Amino acid sequence: MSSEDRLLQFLEHIKDTEGGVKYEKALSSLGIEKSQSLVVDWSDLYSFDTGLATLLLNEPQAVLKDFGSVATQKLGMRDPAYRKEIETVRVRIRSPPFEVPIRKLRAGHIGSLFMISGVITRASVPQPLITKAVFICLVCSEEISLDQPYHTLQPPEKCPRCPGRRLILEPAKCTFTDVQWLTAQERPEDLPPGQMPHGASIRLTDDLVGSINPGDRVRVSCTIEAFQKDKTKLILETYLDANHIETIGTDQEGLEISPEDEEEILELAKDPWVHRRLLQSIAPSIKGHESIKEAILYLLFTGVSKQLPDVRIRGDINCLLIGDPGTGKSQLLQFTAKTAPRGILTTGRGSTAAGLTAAAIKDKGGSFVLEAGALVLADQGVACIDEMDKMRDEDRGAIHPAMEQQVVNIAKGGIVATLNARAAILAAANPTLGRYNPYQTIAENINLPVTLLNRFDLIFVIRDIPNPEKDGQIVDHILRTHRNPGATHAEVIAPSLLRKYISYAKRTDPKLTEEAETKLRSFYLEMRKASMEGGEASAIMITARQIESLIRLTEARARVHLREETTVEDAEAAIALMQRSLEQVGIDVETGKIDIDILYSGKSRSLQMQLQVVLKGISEMSLRGAVRDDDLFESLSEGGLSRTEAVRLIGVLMRDGTIYAPKPGYYRRTS
Ligand SMILES: Nc1ncnc2c1ncn2[C@@H]1O[C@H](COP(=O)(O)OP(=O)(O)OP(=O)(O)O)[C@@H](O)[C@H]1O
Ligand SMILES: [Mg+2]
Ligand SMILES: [Zn+2]
C-alpha cells in the first residue's frame, strides 16, 4: 500500500474523545475558520502506524507533501467550495518526539523534523515572499512565469520566444506568501546555571505569520534549512523552518513536579518552622539583611493577581535595594534570578538593544524588527535588574506602565504592539554620590524619578556603617564560606527543591480571610489617623498603593505555607515588613514619624520647614554682605536650632545650590 493510501486511512481512522472522526471534523471546520492548516498530533500518527510516523521524522519534506495532497483531496470531498478557494491544505505536525536544545543544534539535524522550545526575543514585520515570479521580455513583451523554490531569485536564462536576454521582474503579477523571521532564545528556566542563552532564527510562512509576539514562550516543530550565502564558501547559512508553532500555555508554566517531589514538598510544608527554614535558604552565603531576605522570599512566591471586569491587578511584588557598594546587593539578585522558576538577571542598561522594555530596531536588511527587553522576557517570572539607576532614557518612560499594568506598549517603525511583562522586579541601585546620605531623602539619594520609586512595594536601604559586632559576624561568615565552599547548613533547603516548592506553591491562590482583612484595615486607618493628628502641616503617611502591597505580601506569606487562606499572622508579618521598609526610606528624620511624603515630594515636610528658617535667617542678615557662620549660628540658636543641626541644614542648602560660600566661613544666598 502506498504511503498516500495509508495517510488517507489515517485521516479516516483516528477518533476523538466524542467518538467522531477527529481529522475529518478538523478538515470540515477549515472553511469556517478560513484556515489552510490541518494540525496533526504526531502521537496520533505514531499510534496508527509507527513506520509512517518514523518516516515522517526522517523524510519530512516528502511525507508532508503527500500528506498535504491527501488532506486537500479529502477536503475536496467534504467541502468542495472551500477546496476551490484555497490552493492546498498544509499539514502541520504538533509535538514531534525529539526536542533538541537550541545549543545542541548540529549539522546532523539537517533533513529531519524535530522540536525546539524557547522564548521569542525578536520578530520582524511580515514581508511578502515571492513563490512564483513573472518576468517580462524587454524585446517582445513575452511573459514568463517561474516557480521560486530557492533562497535567491532565479530568472529565466533567455526569452523562450525571441533571442532577447533582458528580462525584468513584474512584481504586480507575481504570487506571494507571507514570511516572518523570529529569533528564539533558550528559556531562562532551561539554561544550565551561569550560561548565556543561545539563539536561533526561525522562519514562519503563510498562516503562521503574525501569530507570535516577542516574549512568547513557544514550542516549534521544524526542520533545518541550509542555503548558500557566499557561493565561494563551503559554509552554509541555516535557519529553522517552522512547520508548526504554538505558545506554551500557562498550564505548563511551572516546573515539572513528580509524585516524589510532591511528597517531599508536602513533608516540608508540614514543618512548623517551614517559614524560617525557607528564609534561611534565601542567599545563605550572605550574612544578615533579614528583612530583605524576607522580602525576596515573598517576591519569589508572589501575591495573587486578579482579573477584574475592567482591569487586571498585579500580584507580583516589586522590591528595590538601594545601597552602598559591596554590601551584597548583586549577590542577592544573582541568587534570586537563579532560584525563581523563571528568573532573568540583567543590568539597567539591559543585555540587548531592547533594554528593559522593548524596542523597534532596524535589522541588517533595513526593515524593522521588534525586540523584547528584559521585563518582557521575564514575563510570568522574576526580573532582577542590577544597577537600575543606569537605565536607558528610552526605558525611563516605558517602565512605568511595565511596572504597574505589566505591559509594554510600542509603536514605532510600523510596529504597534502590546507585550506582556507580568514579572516581579527585584532591582538594585547605588546612591548617586556613591554612598547613601541619611540626611538627604531617598529621592535625592538616587537617580530615579519619584514616580518610579512609588511603584515598588518595598524599598530597602543598605548602609555600610562600621559596626564591630556585625562586622565580626560578616568576616567570620565570609572566611567560613571561603574555607569550606561546599558546606551548607543542615537547615538550608537545596536550591532545586526550593524552586519546585515555589512552583508548587504558586498553584494555590490563597483567599484573604476576614481576620486578615480586619488587621490590614485597622493598620491602614490607624496610620491615616496618626497623620491627621499631626495637624494640617503633617504629611500623608500611607496611601492606597500600600494597601495593595500589603495584600500581596499577606497572600505571598500564605503561599509560603501552602495555605489556601491567609491568617492574621500573615497580615501581621506583612505589616511588620512594610513598616521596616517605610522606616528605612520614609522616616522623617526630624520627628521620627513615618512620612510617605518623602517618597513623593523628595523632601520631608519638617526638613523643608527648617530649611526655610535657615534661609530666612541668611536673607535677613545678609543685607550687609555675606553672613559670618558664627553670627548665623547664634541667631539660629535663639530660634531653638542647635549648632550641629544648623551645620547640617547649611550643608543641604549648599548642595542644593540655594546658598554659596563667597569665602570660607561666610554664606550668601544665590540670587
Ligand atoms: N552581608 C554579607 N555577607 C556575606 N558576604 C557579603 C556581605 N556583604 C557583601 N559580601 C560579599 O562582598 C562581595 C561584594 O558584594 P556584591 O558584589 O554583591 O556588592 P554590591 O552591593 O552589588 O556592590 P556594588 O554596589 O558595588 O555593585 C561579595 O563577594 C559578597 O559575597
Ligand atoms: Mg553590584
Ligand atoms: Zn522575448
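**Helix 10 against helix 16**

I began with the packing of helix 10 (residues 329–339) on helix 16 (residues 495–505) in this predicted model, and I found the two crossing at an angle of about 65° with their axes 9 Å apart. For this I took the axes as lines fitted to C-alpha atoms, for helices over the stretch in contact, with angles running from 0 to 180 degrees between N-to-C directions. Helices here are DSSP runs of H or I with at least four residues, strands are runs of E with at least two, and both are numbered from the N terminus.

I then listed who makes the contact, which means heavy atoms within 4.5 Å: helix 10 contributes Phe335, Lys338 and Thr339, and helix 16 contributes Leu498, Arg499 and Ile502. Sorted by class, the residues of this contact are 3 nonpolar, 1 polar and 2 charged. I counted Ala, Val, Leu, Ile, Met, Phe, Trp, Tyr, Cys and Pro as nonpolar, Asp, Glu, Lys and Arg as charged, and the others, Gly among them, as polar.

**Conventions noted**

Residues are numbered from 1 along each chain as its sequence is written, while chains are lettered from A and ligands numbered from 1 in the order in which they are written. Because the model is predicted, local features need pLDDT of at least 70 and side-chain atom pairs count only at pLDDT 80 or more, whereas totals for chains, interfaces and linings use all residues; side-chain values use heavy atoms, with hydrogens and water left out.

**Ligand 1**

Next I looked up the surroundings of ligand 1, where 14 residues form the shell, the closest being Lys287, Gly326, Lys329, Ser330 and Asn430; a residue is near when one of its heavy atoms lies within 4 Å. By class I noted 4 nonpolar, 7 polar and 3 charged residues in this shell. Helix 10 and helix 15 (468–483) each supply at least two of the shell residues, and helix 10 gives the most, with 3 residues.

For polar contacts I used pairs of N or O atoms within 3.5 Å; within protein, one must be able to donate a hydrogen and the other to accept it, and residues adjacent in sequence count only if both atoms are side-chain atoms. A polar side-chain atom of Lys329 lies 2.7 Å from an oxygen atom of ligand 1. From the backbone, a polar atom of Thr327 is 3.1 Å from a ligand oxygen atom, and an N or O atom of Gly328 is 3.2 Å from one. Taken alone, ligand 1 exposes 640 Å², of which the protein buries 72%; areas come from the Shrake-Rupley method with a 1.4 Å probe, and for residues only the protein chains shown count as cover.

**Single residues**

I went on to Arg217, found in strand 9 (residues 217–227). Arg217 counts as buried because its relative accessibility is 5%, where buried means under 20% relative accessible area, exposed over 50%, and partly exposed in between (1.4 Å probe, protein chains only). Leaving out residues up to four places away in sequence, Arg217 touches residues including Arg187, Glu189, Glu246, Arg342 and Asp379.

Pro126 sits in the loop between strand 3 (114–124) and strand 4 (127–137), and with a relative accessible area of 47% Pro126 is partly exposed. Beyond four places in sequence, Pro126 touches Val179, Gln180 and Val209. I also noted that Pro126 and Cys162, 36 residues apart in sequence, are 38 Å apart C-alpha to C-alpha.

**Positive phi**

Asp206, in the loop between strand 8 (199–205) and strand 9, has a positive phi of about 50° although it is not a glycine, and at 17% relative accessibility Asp206 counts as buried. Thr302, in the loop between helix 9 (290–301) and strand 11 (306–307), has a positive phi near 60° and is buried at 6% relative accessibility.

**Helix 12**

In helix 12 (residues 393–404) I found Asp395, Arg396, Ile399, His400, Ala402, Met403 and Glu404 buried. These buried residues pack against helix 11 (374–377), strand 18 (407–412), strand 20 (424–429), helix 14 (450–453) and helix 18 (544–560). Gln406, which follows helix 12, has a positive phi near 60°.

**Whole chain**

Last, I noted 23 helices and 24 strands in the protein chain, and a C-alpha trace spanning about 105 × 70 × 55 Å along its principal axes. Of its 671 residues, 48% count as buried.
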